[in-house]
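User: Hi! Could you walk me through this structure in plain words?
Analyst: Happy to, here it is.

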Amino acid sequence: MSTPTHDPHSGDRPDRGPGTSNPGTDPTNPSPASARGSAATADADPANPANPATADMDEPPAGGSFTRYFLRKLGGAATSMVLVIVLGFFAFRMLPGDPVLKIAKERPMSPAQIAELRSQYGLDKPVIVQFWDYLVGIVTGDLGESYVYRKSVSALIGEYLGPTLLLTATAAVIAIVLGLWLGQISAWRRNSLFDKLASSTSLIFWSVPTFWLGLILLMIFGGTLQWLPTGGMITPGLDPWSPAGIIDVIKHLILPVISLVAVVYAQFLMIMRASLLEEMNEDYLTTARAKGLTEDEVRRRHAVPNALLPTVTVVFLHIGGLIAGAVTVEAVFSWPGLGKLTFEAIRGPDLPLLQGTFVVFSAIIIVMNLAADIVYRFLDPRVRRA
Amino acid sequence: MTDLQFENVSITYRSSSDRGDVVAVQDVSLDLPAGATLGIAGESGSGKSTLIMSALRLLPKSVRLEGRVLLGGQDIRELSFGQIRAVRWAQASIVFQGALHSLNPVREVGSQIIEALEHHSKGTWTTPQKRRDRMFELLAEVNLEASKSSAYPHELSGGQKQRIMIAMALACEPDIIIADEPTTALDVIVQKQILSGLARLVAERGISLLMISHDLAVLSAVCANLAIMRHGRLVEYGPSDEVCLSPQEDYTKQLAGAFPQIGDPESRLNPRTLKPAEVVRAEPFNMTDEVVLEAKDLSVSFDTRRGRERAVRGVDLQLRKAEILAVVGQSGSGKTTLARSLLGLQEVEAGSQLSFAGKALPKKAKELRAFRRKVQMILQDPAGSLNPKRSVYEAVVEGLKVQGIRDREYERVIGALEAAELTPAEDYLESTPQELSGGQRQRVVIAGALALDPKVLIADEPVASLDASVRGEILSLFLALKKNLGMSALIITHDLGLAWNIADTVAVMKRGEIVEYGEVDRVLSDPQHEYTQELLAAVPRLGSQSLVRNE
């Protein structure tokens, strides 16, 4: 049993041997060769006709390569990205309001100074030249200089990206785990009290405006009770990497995360519930029950993996949206993130900054979609044929 | 060894909806002693599936069961959930319709077999390695390569999936195997392989077999005893040969006659049904010499991962006015591709010639639309081909709308429904597909085609998903359409009995080629090609028990 009868990759019997064609698909079997050896002994039975299965003309073709799939999806993502970059330039050129005049309004400036400012920002050049500069800038990682902050946009985004990722990633993880878990229990116990409570509560939160919920939370826990800080990410002066600093950041994180989670987890719950309900009458669940699995095992091992498939796409789409949706929450809680930066850029209008955040937000959403496609392929073997 | 007994079993689905409680099984007593084989035949709604599911207590909680189901003398209702779980698969396992969705689509089939072993190790398959070895042993028993263990269900053909189901059912060495329509949706050759494999494994091990099917011939091929069920009641019960060959009840006779014996002159051009479609024309149309649809040297190729594959190779085919041509072959033989090419839905290779009424098949969208008015397609699954949200009227009128036919819309729809024998047609106009039976749905689909006054119908397995008694009705409708309207039909099927029932000519396809083509009487009575002979030999015959006690 422990000695392999032949080398798994020698190809001496190409018609058998799990893993010769797709190595690594089966982590449960570290030694395919030994299992094969015993299968071969069982197979020695002369009554066995030689491979009737290879003569099966109805057998569907094998799956495609991952590289091709990946490159195709990557190509799609790249196309979207190019479109976003082009759109990012022209959309903000069409915004009403001249940024230079706006700046000029705030302090007295002569027409010569205004023209000077225009040429400094490159706004006097023809649009096509500006577009070219913009493209060159993007390729070299230079997104221009913010009119308001007087700093490089790339540097600003780099500085504000971290807090946004911290906030949205925490919220996303909690919302997804909570939503999917509540969703599958709701579906499994359809029409039970649990189902009704979970669904209706989530829908109430879902229909509440984010800023309103944020303000209410702020008033109660930050204002009246004074349990939690009312804004910012860290008490000034604390080192964020010291133990006290970490606790302080967590305290600041609680309210914005709750506002974000409360509003979005309903969609994960609803999607999970609906897709699990779709699976509940499938025949393979009857097979699983007939095999003697407990209801819990039937749910965890068979129903949920299938129900996750439609859920994954939507979940990833919403993670992208969540980051963009953080704009409101960040504004309410003065969270020093990209959302707040965007909010301020709109007031400008700070064109380079707007362009920069627009491109970064879009890029995040595109990357999330790409990730969804890739995860989906791993979850659903049927996609591997596409 | 374990006996299975049903003692005066009645099963009711309790429901709070308007329909109230539904009695699925009524007072059925059946006995399956150890080592015996019993078949239960019946159509959908006969309660046969409900009955066998009760043997392992797999029915939903809302079901009320009266009487006793005894497994090895023990009333299964008295077992705790833990005990019933231990009984499931270890004492009695089920072969579901593997060809459909009985395997989990996102897990490797090998691991699904191993899962059963994990739950019932019986002191033998105690380690992962032993379970794996057992799994490979099982695959070998059902003639599958070991490499198939890492395949996902969608990577297997219908026959291979069914073998996996059988391997899984055998896994824990059960005393009883319950087979639920194990060969439905498989073609005759694969059906024979599956049935003989199942019969052999069951006989070798002395396992008792309880099998249900709508096809008496399939049951009689492997079961010694037969029970016929209808509307939840047992209609007839006895040894296979008696039930099949000298049935006492009218219903059994109808079921037995639904699938014709090829070569039996009585069923030639005469599908057995209680509701035959009327032939109203004084001089019914007969096959003429006028060629309507013709294919010459038709070849179709697809790009697949294995390279370019030719699905249809050099096919010559003629469909004459008022001719019914049956194209017969296994799944994967290219017959559906052939049908799609004839409709202009499929790109064909250069050199292929397709013509309709003497003219080459049009290529432009507008002309193709006019062509499709004259050549209509009917698909296999009427439930899937009708939009569930649309009424019968909307379904039938859609073709008229697409073709821009505005005048006498209502009359045309009524006429089409009546031609499809849905009478009085007015009663059906507002129905939605869910309110109709399978046969009625297929009639609606046919009416949708007839509304356009086509010259040719191309039907892809038009009766494969219908009950035995409905099958005869629909086939007789095809025959009547030909006789009354002079319509030509090309019917794609894997069912040789269908060809015997209604077709004038038959073309046998294998791997994209037509291997035999001619008059039905000649080809099916005196087949020349060895593949035709193989197909004919694989058709199960009534009352023969051909696959078990044949030694």
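**A chat about two chains**

Analyst: Let's begin with B:D27, which lies in strand β2 (residues 22-32) of chain B. Helices (H or I, at least four residues) and strands (E, at least two) are DSSP runs, numbered from the N terminus. This is a predicted model, in which local features need pLDDT of at least 70 and side-chain atom pairs count only at pLDDT 80 or more, while totals for chains, interfaces and linings use all residues. Residues are numbered from 1 along each chain as its sequence is written, and chains are lettered from A and ligands numbered from 1 in the order in which they are written.

User: OK, and what about the phi of B:D27?
Analyst: B:D27 has a positive phi of about 50°, although it is not a glycine.

User: Is B:D27 buried or exposed, or partly exposed?
Analyst: B:D27 counts as partly exposed, because it has 14 C-beta neighbours inside 10 Å. The cut-offs are 20 or more other C-beta atoms within 10 Å for buried, 12 or fewer for exposed, and partly exposed in between, with C-beta atoms placed from the backbone.

User: Zooming out, how many helices and strands does chain B have?
Analyst: Chain B has 19 helices and 20 strands. Its radius of gyration, taken over C-alpha atoms, is 25 Å, close to the 24 Å that the globule rule gives for 551 residues, so chain B is as compact as a globular protein of that length. That rule is 2.2 Å times the number of residues to the power 0.38.

User: What box do the C-alpha atoms of chain B fill?
Analyst: Roughly 70 × 55 × 45 Å, taken along the principal axes. Of the 551 residues in chain B, 54% are buried. For contacts in chain B with a separation of 6 or more, 71% are between residues 24 or more positions apart. Two residues are in contact if their C-beta atoms, placed from the backbone, lie within 7 Å.

User: Switching to chain A, what is its secondary structure?
Analyst: Chain A comes to 13 helices and 0 strands. Buried residues make up 32% of its 386 residues. Among contacts in chain A between residues at least 6 apart in sequence, 70% join residues at least 24 apart.

User: How do α2 and α13 of chain A cross?
Analyst: The axes of helix α2 (residues 66-93) and helix α13 (residues 351-379) of chain A come within 9 Å and cross at roughly 160°. Axes are lines fitted to C-alpha atoms, for helices over the stretch in contact, and angles run from 0 to 180 degrees between N-to-C directions. The two helices are therefore roughly antiparallel to each other. Angles under 35 degrees count as roughly parallel, over 145 as roughly antiparallel, 65 to 115 as roughly perpendicular and the rest as oblique.

User: And α6 with α7 in chain A?
Analyst: Helix α6 (residues 153-188) and helix α7 (residues 193-206) of chain A have axes that come within 8 Å and cross at roughly 140°. α6(A) and α7(A) are therefore oblique to each other. Their contact is made by A:L182, A:I185 and A:S186 of α6(A) with A:F194, A:D195, A:A198 and A:S199 of α7(A).

User: Where is A:V257?
Analyst: A:V257 is in helix α9 (residues 243-279) of chain A. A:V257 counts as buried because 23 C-beta neighbours lie inside 10 Å. Not counting residues up to four places away in sequence, A:V257 touches A:L167, A:T170, A:A171 and A:I174.

User: Last one: is A:P240 buried or exposed?
Analyst: A:P240 is exposed, with 12 other C-beta atoms within 10 Å. A:P240 is in the loop between α8 and α9 of chain A. Leaving out residues up to four places away in sequence, A:P240 touches A:I234, A:G245 and A:V249. The C-alpha atoms of A:P240 and A:A274 are separated by 42 Å, and these residues are 34 apart along the chain.
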